[in-house]
Amino acid sequence: MSEKNSKQFGSKVGLVAATVGSAVGLGNIWRFPAEAQSNGGAAFLLLYVICILVLGIPVMLAEFSLGRAGRSDAYGVFRKLAPGKKWWMIGVLGIVASYAITCFYSVVTGWTLEYLVQSITGGLYDGIPAVSPGGDFSVADAGFQAKMTQYISTPWTPLIFTWLVLLVNMLVLARGVQKGIEKLSNILMPMLFVVLVALCCVTLTLPGAGAGVEWFLSPDFSKITASTVINAMGQTFFSLSLGMGTLITYAAYYPSDTKLASTSGIVSMMSVIVALLMGFVIFPAVSSFGLDGHSLVGTTLVFQTLPEVFACLPGTQIWSILFFTLLFAAALTSTVSIIEVTLAFIQNRFKLPRIKATVLTILPLFALSALCSLSFSSMSEVKIFGLTFFDLFDVLATNVLLPVGAIFICIYLGWCAPKNLLKDQLTNGGTIRSHIAGVVLFIIRWVAPALIFTVLVAPLFK
Ligand code: TRP
């Protein structure tokens, strides 16, 4: 196989699985239900879908087009398409953002791995009293809360799990695009959907599940405010992996006959479906067990509320293992995509063999992610601008670098890139028809930069 082909995805299914793998992650599984609960249920879902259509898909197509036209990493693409200009700085921004995201994302992925291990050994459910649906959950609740504190706020164990996550990433990424990323996604993605549907079937048939479904599906429009809209936009960016060159990097591995528009449609739809299924897992369970009063904050939701639900089901450990496997799989395929942004850059820029580049990219992460992991224990008092390292990396990357990156991507493609770049990419050089090129260009030029700018500055006026 030639060098060129091994740096491309091998099949259509594989490239979709890898891109969906990047998109579907902690953002859909733990962030979405929590956001939906506090932002009006189906009303938030509706907003999320609207944001995906008007903002998510066009920006995704912008990244796809740049990646496949430039066929390089996030930095190299701009070097190639705009030689002698400063646009490569967008790529550098993306690489910095992706590095920062990896640091905290791998810590949370480490927690999911620890929970998986604790589900397998049964340690997670040791000493927690059995409660039947509708009973008093306060003791179990306190029990799981204590476990969570025990697991994530001791120094060593979470750190070791974070490092294990980095090690797994290293093993996958060193194998390259086809044999590493694509193969992993081909196995884990279908598995994730099967487990999610199975979990849904269980929670939907619980006694009293109907009330949860009804709550989730009846939109409460009174909850929609400016900040809901802003949250929905933030959720769109994070859950579709936009704004820092992940999709530029992946699209560089797309064959030239890949239909970008339909790929973006499938990836977005999968992302919505996973969020929706997660809603069908959580809300019926919450109503059935009488946990309605609980506010579902992301961390508590997956590490506390769901274990409570599993504790009440027959086959507790099996459901627990299935769920944390699902969560780990989703998170792993996302971390792989985030690290690939920097890895591709290092590999191209310094012309290194894949394995060397992988080690060079991931080694510093062992130290940087330790700062984030220890933010919950021995370094919880170390603060910069009032934030622990974990929060600093999260806020900086998610709230600042991603939207800034996305605005510049839109401005470059909309106003400065070679005139027919987008149209050429959407029509595969004129070989297929595209009805949306005009609309997408309009959004990328005007609508997206304005909306993203709003997301970016809104917190300043809170
Ligand atoms: N989309 C992933 C999730 O929902 C996370 C992710 C992967 C990401 N790559 C990204 C977020 C790039 C922002 C930018 O969990």
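This is a predicted model: local features need pLDDT of at least 70, side-chain atom pairs count only at pLDDT 80 or more; totals for chains, interfaces and linings use all residues.

Colleague: What cut-off applies to a disulfide here?

Modeller: The two sulfur atoms have to be within 2.5 Å.

Colleague: Is Cys-103 buried or exposed?

Modeller: Buried, because its relative accessibility is 1%.

Colleague: How many disulfides does the structure hold, then?

Modeller: The count is 0.

Colleague: OK, helices. How do H9 and H13 pack?

Modeller: H9 covers residues 176–204 and H13 covers residues 260–288; their axes are 8 Å apart, at an angle of about 30°. That angle is under 35 degrees, so H9 counts as roughly parallel to H13. The crossing of H9 past H13 is left-handed.

Colleague: Which residues make the contact?

Modeller: On H9, they include Leu-192, Phe-193, Leu-196 and Cys-200. On H13, Met-270, Ile-273, Leu-277 and Phe-280 are among them.

Colleague: How does that contact split by class?

Modeller: There are 16 nonpolar residues and 1 polar, with no charged ones, in the contact of H9 with H13.

Colleague: What about H15 and H16, at what angle do they cross?

Modeller: Roughly 130°, with the axes coming within 9 Å; H15 is residues 316–349 and H16 is residues 354–373. That makes H15 oblique to H16. H15 passes H16 in a right-handed crossing.

Colleague: Who is touching whom there?

Modeller: From H15, the contact uses Ile-339, Glu-340, Thr-342, Leu-343, Ile-346 and Gln-347. From H16, the residues include Arg-354, Ala-357, Leu-360 and Leu-365. By class, the contact of H15 with H16 has 7 nonpolar, 4 polar and 2 charged residues.

Colleague: Last one. Where is Asp-424?

Modeller: In helix H18, residues 421–426. Asp-424 is partly exposed, at 41% relative accessible area.

Colleague: How far is Asp-424 from Arg-175?

Modeller: Their C-alpha atoms are separated by 32 Å, and the two residues are 249 residues apart along the chain.

How values were computed:
Residues are numbered from 1 along each chain as its sequence is written. Side-chain values use heavy atoms; hydrogens and water are left out. Buried means under 20% relative accessible area, exposed over 50%, partly exposed in between (1.4 Å probe, protein chains only). Axes are lines fitted to C-alpha atoms, for helices over the stretch in contact, and angles run from 0 to 180 degrees between N-to-C directions. Helices (H or I, at least four residues) and strands (E, at least two) are DSSP runs, numbered from the N terminus. Angles under 35 degrees count as roughly parallel, over 145 as roughly antiparallel, 65 to 115 as roughly perpendicular and the rest as oblique. A crossing is left-handed if the near helix is turned anticlockwise from the far one by less than a right angle, and right-handed if clockwise. Contact means heavy atoms within 4.5 Å. Ala, Val, Leu, Ile, Met, Phe, Trp, Tyr, Cys and Pro count as nonpolar, Asp, Glu, Lys and Arg as charged, and the others, Gly among them, as polar.
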